[in-house]
Amino acid sequence: MHKNNSDTVTLCAPDAAAMDAILAHFSAGQLPQAADAACTLINRWPDHGFSWKVLGAIRHLQGQTVEALTAMQHAVACLPNDVEARCNFGCVLQQAGHLPEAMVQYHAALALAPEYAMAWVGLADCYCALNQFGHSEAHARQALRYQPDHAETFALLGAVLQAQGKLDEAGQAYRRALSLDADVPTTQAGLAQVLMQHGALPEAVAHFRRALALRLQCNTAAAVPPVVPRFDLPDNEALLWRTLALLAQAGVHAFATAGTLLGLEREGTLLAFDKDMDFALPFSEMAAACACLLAHGWVEEPNPMRMVNPRNFRHRESGMVLDLCGIALEDGTGKVIGGFWQAGQPWAWQRITEFPSPLSLHQVRRPEGWIWALDSPLAWLETLYGDWRVPDPDFDTTIAAHNLRGFALLTQCYAFSRILERWQSGHFKKALAITRHSLRRLTDDVLLQQVAAHLEAVQVTTKSVQAV
């Protein structure tokens with residue numbers, strides 16, 4: 001403190017040593033000490049923007065989002081021309097889901113410093129979250145003009161190029177990102193997804209496995225899985241019967257399979273938390289089925305994996321998703337097979353499933369019209385699920401189906417990618433279930449054993465926290 005000429009007591013601004021002490025604690029990872037020092041200065045100088053800015057960063061690192069936003073709002077109010085403060089505020093707003101407000105801060109930062117790369121990256125990230133991939137790509141490329149060796153930006157560019165179907169460019173962007181920083185699991189997984197879509201399955205598996213190994217080295221933070229809307233709605237079931245009747249009228253022998261059949265037989269309706277409808281049909285009738293759906297309000301989903309089986313459709317009015325799963329008699333064996341078949345791949349790489357033979361159907365009359373149904377639905381379900389009468393919400397048919405032929409490369413790609421996705425999004429129980437199902441096929445896989453052990457420990461920790 002000092003006295004001015006009128007004997008009024010005033011406070012001096014904090015000296016450089018006080019601010020250096022905060023930064024020293026922060027740089028050393030001593031966040032509580034840094035926060036205490038910042039709060040001490042704020043108590044004496046409530047408009048000291050530097051202290052608010054550091055406190056906001058600390059609260060963000062500590063996972064205290066509300067406190068971080070409050071501190072950063074004060075920092076921007078005190079330091080309206082501080083580009084870093086505005087970008088930090090934008091980042092936390094973005095992570096909290098406040099995208100329009102975040103974009104305001106990023107634009108304000110660019111108005112102050114058009115060359116500030118991280119503001120361009122922040123905007124690119126926001127546009128990506130809004131599925132405006134063209135805008136996201138443009139902003140990511142602008143960021144790279146000012147920061148040409150930033151691995152995170154190349155990874156983001158890879159993701160938005162992949163979302164637009166520009167797989168060659170996406171692969172180049174991911175590889176450039178990995179050349180700058182090879183230890184980012186999401187980048188490894190992104191490149192793996194592109195390779196999977198290209199059909200380079202051995203290389204895709206290698207990158208998925210690298211992503212899993214890297215994920216083991218990261219802190220597994222608790223996340224709140226998104227709320228899944230109920231699927232067992234009367235309108236959804238009504239659409240199911242109408243669509244089966246339309247296909248039958250078109251000469252297509254389509255019938256309920258997988259989760260749809262399971263719900264109808266076990267619950268008497270659709271499964272509560274399913275995500276789509278599953279129909280099986282002779283693969284020879286796939287073209288006729290697709291033509292029928294397209295003529296009755298369905299549109300085919302994008303097919304980046306180049307799958308010839310199954311084919312995926314979305315109902316234009318309701319948004320309902322329908323998977324058409326073709327089945328056929330296999331040449332040489334005479335077995336009834338289905339599965340996921342990617343164009344141009346060796347048969348040994350494909351995900352093949354085997355069903356009871358011969359396929360036997362009958363017609364059932366319903367108010368919507370005649371439909372086709374399995375003669376022996378319970379045997380079909382047992383082939384797929386084993387003990388299908390016991391509900392298992394974590395059963396992932398793509399990986400865990402009992403009628404899988406081996407655990408081919410395409411199946412491995414789906415398994416590893418889904419483990420990573422569920423892990424990243426906080427669905428730890430689901431990730432663990434998929435890992436365990438994978439280990440039943442790959443019993444000696446040390447990496448999967450390590451992943452299972454880690455996720456089991458996370459489950460225990462999560463339950464302990466919830467109990468408290």
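**Notebook: side-chain pairs in a predicted model**

I began with a charged pair: Glu267 and Arg266 form a salt bridge, with their closest N and O atoms 2.7 Å apart. I take a salt bridge to be a side-chain nitrogen of Lys or Arg within 4 Å of a carboxyl oxygen of Asp or Glu. Side chains of opposite charge can pair when their charged atoms come close.

I noted that this is a predicted model, in which local features need pLDDT of at least 70 and side-chain atom pairs count only at pLDDT 80 or more, while totals for chains, interfaces and linings use all residues. Residues are numbered from 1 along each chain as its sequence is written, and side-chain values use heavy atoms, with hydrogens and water left out.

**Entry 1: salt bridges**

I looked up how accessible the two partners are. Glu267 is partly exposed because its relative accessibility is 42%, and Arg266 is partly exposed at 22%. The cut-offs are these: buried means under 20% relative accessible area, exposed means over 50%, and partly exposed lies in between (1.4 Å probe, protein chains only).

I then asked how many salt bridges a search of the whole structure finds. The search finds 22.

Next I examined Glu301 and Arg314, whose side chains meet in a salt bridge at 3.0 Å, N to O. This pair links distant parts of the chain, 13 residues apart: Glu301 is in the loop between β5 (298-300) and β6 (307-309), and Arg314 is in strand β7 (residues 311-315). Helices (H or I, at least four residues) and strands (E, at least two) are DSSP runs, numbered from the N terminus. Glu301 counts as partly exposed at 23% relative accessibility, and Arg314 is also partly exposed, at 34%.

I turned to Asp396, which forms a salt bridge with Arg418; the closest N and O atoms are 2.8 Å apart. Asp396 lies in the loop between α16 (377-385) and α17 (397-400) and Arg418 in helix α18 (residues 409-425), so the pair ties together parts that are 22 residues apart in sequence.

**Entry 2: around Thr398**

Thr398 lies in helix α17 and is buried, at 10% relative accessibility. Which residues does Thr398 touch, not counting those up to four places away in sequence? They are Phe340, Arg351, Leu404, Thr411, Tyr414 and Arg418, where contact means heavy atoms within 4.5 Å.

**Entry 3: aromatic rings**

I found that the structure holds six aromatic pairs. Rings of Phe, Tyr and Trp (its six-membered ring) pair if their centres lie within 6.5 Å; planes under 30 degrees apart count as stacked, over 60 as edge-to-face and the rest as tilted. The ring centres of Phe340 and Tyr414 are 5.2 Å apart and their planes stand at 70°, so this pair is edge-to-face. Phe340 is in strand β9 (residues 336-342) and Tyr414 in helix α18, and the pair links distant parts of the chain, 74 residues apart. Phe340 is buried at 15% relative accessibility, and Tyr414 is buried at 12%. Ring pairs also link Phe255, Phe355 and Trp380 into a cluster.

Arg351 lies over the face of Phe340, at 4.5 Å from the ring centre, and Arg366 lies over the face of Trp241, at 3.9 Å. The criterion is that NZ of Lys or CZ of Arg is within 6 Å of the ring centre and within 35 degrees of the ring normal.

**Entry 4: cysteines**

I searched the whole structure for disulfides, meaning pairs of cysteine sulfur atoms within 2.5 Å, and the search finds zero. Cys78 is in no disulfide, and its nearest cysteine sulfur, that of Cys39, is 14 Å away. Cys78 is partly exposed at 25% relative accessibility. Cys126 is buried, with a relative accessible area of 0%.
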